[in-house]
Amino acid sequence: MPHQVQLSSPDRVLFPGDGVTKADLFAYYERVAAVLVPHLRNRPFTMKRFRDGAGGPGFFQKQAPKGMPSWIPTRRFTTHPREGGPREVDFPLVNSPEALLWMVQMHCIDMNAWYSRIDKPARPDYVVFDLDPPEEPDGFALAIEAAHLVRELLEELELPGYVKTSGADGIHVLAPIQRRATFDDTYAFAEAASRLLEQRHSGTVTTAWRKEKRSGVLLDHRQNGWGKTIASVYSVRPKPGAPVSTPLRWEELTPGVRPRQFTMEVALGRVAERGDIFAPVLDEPRPLGPAAKRLARLAGG
């Protein structure tokens, strides 16, 4: 029998400029759960909580909170916080629609999970290319151009990439891989690919972390690491308009696309019409080794 999640304060406005309530967010996640939960299942989940709504400060919580229902499973892993010393953390697992809705009840707006699953935590499911556009009027258009450059390189390497809006200000490209590579492998691959693109397309792509040294779109290879998270596909983001991290077909990623156009209703409409076009990220992994060898040859040449 399905578990019940009681929603409190349904009329509470979470997005003050848009009138989006907690009930609206709950209803969206209830409707999108069938395609979202598979992307979260069996991945350690980090709660990003916004007790004051999207306009207030959020905070990350890795440890499963006291009072979490017993039917939401957890898995313990050792983490290494910046403040020093290892720490044992019981991560929630969002393996059901009801667990997803409980996270909404606990003030989670977007859903953040690991790149790896609990049975092989040191073996990621994909390489992540996180594109951060420059702060200028046409910055996102430049990010679109850079995303297509990532796609073209991945095609050279015979490693398909799948694109989604981050829902915030950037673009995510995920390349699904077989669970043989380590996080060191994916980090090195993303770094080498990003530096090659920077070399080929100076001014459009950069790997410079400091903003004052950047010229173009940052390809942040450092997002590939054990315990890292990104906002999952179909996540609502705490930004004006309640935009959704939405998967796109490459031909849809045209210069006029903007993240804010993908609202909850738009995302639900796309799922109803097309299903989960991000499913290949879970279902069609490729070996990383051959692609890494091709990349090394390109970088060396």
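This is a predicted model: local features need pLDDT of at least 70, side-chain atom pairs count only at pLDDT 80 or more; totals for chains, interfaces and linings use all residues.
- Strand β3 covers residues 45-49 and is mostly covered, since five of its five residues count as buried, a word used here for a relative accessible area under 20%.
- In a regular strand the side chains alternate between the two faces of the sheet.
- In β3 both faces are covered, with Phe45, Met47 and Arg49 buried on one side and Thr46 and Lys48 buried on the other.
- If residues up to four places away in sequence are not counted, Met47 touches Phe59, Phe60, Gln61, Pro65, Pro92, Trp102, Met103, Met106 and Cys108.
- Met47 and Gln63 stand 16 residues apart in sequence, and their C-alpha atoms are 8.4 Å apart in space.

**The four-stranded sheet**

- Strand β3 belongs to an open sheet of four strands, which follow one another in the order β4-β3-β7-β13 with antiparallel pairing.
- The edges of this sheet are β4 (59-61) and β13 (229-231), and each has a single partner strand, so one side of each is left without a neighbour in the sheet.
- On average, and with direction ignored, neighbouring strands of this sheet are turned by 30° against each other.
- Between β3 and β4, which run antiparallel, there are three bridges, and Lys48 has Phe60 of β4 as its bridge partner.
- Between β3 and β7 the pairing is again in the antiparallel sense, over two bridges, and here Thr46 has Asn112 of β7 as its bridge partner.
- Strand β7 (residues 112-114) also pairs with β13 in the antiparallel sense, over three bridges, and in β13 the residue that partners Ala113 is Ile230.

**The six-stranded sheet**

- A further open sheet consists of six strands in the order β11-β12-β8-β10-β9-β14, and its pairing is mixed.
- Here β11 (205-206) and β14 (247-248) stand at the edges with a single partner strand each, so one side of each is left without a neighbour in the sheet.
- Within this sheet, strand β9 (residues 162-165) and strand β10 (residues 171-176) pair in the antiparallel sense over four bridges, and Tyr162 has Leu174 of β10 as its bridge partner.
- Helix α4 (residues 183-200) packs on the sheet, where it touches β8 (126-132), β11 and β12 (217-220), and the direction of α4 makes about 40° with that of β8.

**Helix α1 against helix α5**

- Two packed helices are described by the angle between their axes and the distance between the axes.
- For helix α1 (residues 22-40) and helix α5 (residues 264-274), the angle is about 20° and the axes are 11 Å apart.
- The two helices are therefore roughly parallel to each other, a term that applies to angles under 35 degrees, and their crossing is left-handed.
- From α1 the contact is made by Asp24, Leu25, Tyr28, Arg31, Val32 and Val35, and from α5 by Met264, Glu265, Ala267, Leu268 and Val271.
- The residues of this contact divide into eight nonpolar, no polar and three charged.
- Ala267, found in helix α5, is buried with a relative accessible area of 2%.
- Leaving aside neighbours within four places in sequence, Ala267 is in contact with Tyr28, Val244 and Thr246.

**Helix α1 against helix α2**

- Helix α1 also packs against helix α2 (residues 97-105), at an angle of about 140° and with the axes 8 Å apart.
- That angle makes α1 oblique to α2, and α1 passes α2 in a right-handed crossing.
- On the α1 side, the residues that meet α2 are Lys22, Leu25, Phe26, Tyr29, Glu30, Ala33, Leu36, Val37 and Leu40, while α2 contributes Pro97, Leu100, Leu101, Val104 and Gln105.
- By class, the contact of α1 with α2 has 11 nonpolar, one polar and two charged residues.

Terms used: Residues are numbered from 1 along each chain as its sequence is written. Side-chain values use heavy atoms; hydrogens and water are left out. Two strands pair if DSSP finds at least two bridges between them. Axes are lines fitted to C-alpha atoms, for helices over the stretch in contact, and angles run from 0 to 180 degrees between N-to-C directions. Angles under 35 degrees count as roughly parallel, over 145 as roughly antiparallel, 65 to 115 as roughly perpendicular and the rest as oblique. A crossing is left-handed if the near helix is turned anticlockwise from the far one by less than a right angle, and right-handed if clockwise. Contact means heavy atoms within 4.5 Å. Ala, Val, Leu, Ile, Met, Phe, Trp, Tyr, Cys and Pro count as nonpolar, Asp, Glu, Lys and Arg as charged, and the others, Gly among them, as polar. Buried means under 20% relative accessible area, exposed over 50%, partly exposed in between (1.4 Å probe, protein chains only).
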